[in-house]
Amino acid sequence: MTKTLLVTGGCGFIGTNFIRYLLAKAPEVRIINLDKLTYAGNLANLADVCGNSRYRFIHGDICDAVLVERLFAEENPDALVHFAAESHVDRSIYGPEAFVQTNVVGTFVLLEAARNAWLGASAKDSARRFLHVSTDEVYGSLGPSGYFTEATPYDPRSPYSASKASADHLVSAYFHTYGLPAIITNCSNNYGPFQFPEKLMPLIINNALNGRELPVYGDGRNVRDWLYVEDHCAALRTVLSKGVPGETYNIGGHNEKQNIEIVTTICDLLDEMAPPLSAGRPRTTLIRFVTDRPGHDRRYAIDAGKIRRELGWRPQTSFQEGLRRTISWYLANDAWLKGVLDGTYQEYYETLYGGR
Ligand code: NAD
Ligand code: DAU
């Protein structure tokens, strides 16, 4: 039986990978992708699937209640997978408003539409799912030891994480109050193909390829738990099929790295995999410690024991393999990177849809 999934933010980094993953691995699924195409949304990411009969793209804003209600009525989705967000912490520090608008108000609009469309469905029995894709940043910052579990109290510290935490609370409230069959996932740092080059890994890859300085915030010893994006996609598919409404699942790679280690490893791999810099200069010489991010969370680490025990998911990609695959992808897709950096990717919508 065909299942219709409404995906929001499918032209961003994780959404793109998720749609490509499902189109390849889940023939029973039809996908409607609602995306506003902000600076972070790139329609070209999915150009090769836009003719697929199991895929439909809708250009629109999740804050547009009329559009969202119409989509629910037209497509009668079995599930919604909600990626759409403003996702970059640094941008949230310099311009928080868009974060509140999309991440909080946009999530509210989707919840209302799902509630109205799915009214009467009991949370426990309904096959419908509202899967809200969230972040480990809602839990705040860890010291040198310990892990975030699903029971860790929320303590968001950036406008980005506060907006995601607010959205999480709304989703949870809709489960408890209205019986909306909602599930929340809180994932650690993803890396892999199609990530916008404002995030640490693609920014460092791009700068290091071009002999530019590599900015490391503060002392470079902040810790993140890195997960290959395809493993996140597999986790979300598992949660969609086996997750229990009202539950939260933490997703992570048990793969903690200091930022400086990430940056030096990328430099070493690029020295090996890409043309050398002039005079064979090692790329680590490009590293520059810069003023820290305000309120920079020191350490994130996810305990992913619940999703492993209860749903049988665990990551499949080692960090060495995932990082090599990521670097190879950026080396093979320099036209993608160039298009994103010079802004030409934003003309793609007009090129594809302008005359229709
Ligand atoms: P991204 O910034 O790469 O992509 C966001 C997408 O949402 C873009 O396609 C953008 O056009 C779209 N969008 C933004 N505002 C919209 C709006 N108002 N209406 C419709 N579409 C809109 O983000 P990402 O890194 O792919 O993250 C996806 C989700 O996963 C986010 O909710 C983020 O909080 C969460 N998350 C990300 C990570 C990570 O490491 N990247 C980790 C955990 C959770
Ligand atoms: O933990 C999950 C979160 O991971 C997601 O919810 C966010 O959407 C995603 O952007 C990511 O947030 P981070 O702030 O951890 O990612 P970012 O790539 O911006 O930074 C990773 C670390 O690297 C962080 O400690 C800040 C540091 N950094 C980042 C940049 C861009 C640098 O040292 N230099 C940089 O230039």
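I take buried to mean under 20% relative accessible area, exposed over 50%, and partly exposed in between. I keep in mind that this model is predicted.

**Entry: Arg-56 and its partner**

I looked up Arg-56 first. Its relative accessibility is 29%, so Arg-56 counts as partly exposed. I found its side chain in a salt bridge with that of Glu-74, at 3.2 Å from N to O.

Which residues are linked with Arg-56 in a network of salt bridges? I noted Arg-30, Arg-70, Glu-74 and Glu-75. For the whole model I wrote down 21 salt bridges.

**Entry: Asp-297 and Arg-157**

Next I turned to Asp-297. It forms a salt bridge with Arg-157, and the closest N and O atoms are 2.5 Å apart. The pair spans 140 residues of sequence. Asp-297 lies in the loop between strand 12 (287-290) and helix 9 (305-311). Arg-157 lies in the loop between strand 5 (129-135) and helix 5.

Is Asp-297 buried or exposed? I found it buried, with a relative accessible area of 4%. Arg-157 has 42%, so I list Arg-157 as partly exposed.

**Entry: Asp-219 and Arg-298**

I then looked at Arg-298, which forms a salt bridge with Asp-219. Their closest N and O atoms are 2.9 Å apart. Asp-219 is in the loop between strand 8 (214-217) and strand 9 (223-228), while Arg-298 is in the loop between strand 12 and helix 9, so the bridge ties together parts 79 residues apart in sequence. I noted 36% relative accessibility for Asp-219, which counts as partly exposed. Arg-298 is partly exposed too, with a relative accessible area of 36%.

**Entry: helix 4 against helix 5**

Last, I looked up a helix pair. Helix 4 (residues 97-117) packs with helix 5 (residues 159-178) at an angle of about 15°, and their axes are 8 Å apart. Helix 4 is therefore roughly parallel to helix 5. What is the hand of the crossing of helix 4 and helix 5? I recorded it as right-handed.

I listed the residues that meet. From helix 4 they include Phe-99, Val-104, Phe-108 and Leu-111. From helix 5 they include Tyr-160, Ala-167, Leu-170 and Tyr-174. By class, I noted eleven nonpolar, four polar and three charged residues in the contact of helix 4 with helix 5.

Notes
Residues numbered from 1 in each chain as written. Chains lettered and ligands numbered in written order. Predicted model: local features only at pLDDT ≥ 70, side-chain atom pairs only at ≥ 80, totals over all residues. Heavy atoms only, no water. Axes fitted to C-alpha atoms, helices over the stretch in contact; angles between N-to-C directions. Helix = DSSP H or I, 4+ residues; strand = E, 2+ residues; numbered from the N terminus. Parallel < 35°, antiparallel > 145°, perpendicular 65-115°, else oblique. Left-handed = near helix turned anticlockwise from the far one by under 90°. Contact = heavy atoms within 4.5 Å. Nonpolar A, V, L, I, M, F, W, Y, C, P; charged D, E, K, R; others polar. Salt bridge = Lys/Arg side-chain N within 4 Å of Asp/Glu carboxyl O. Buried < 20%, exposed > 50% of the residue type's maximum accessible area, 1.4 Å probe, protein only.
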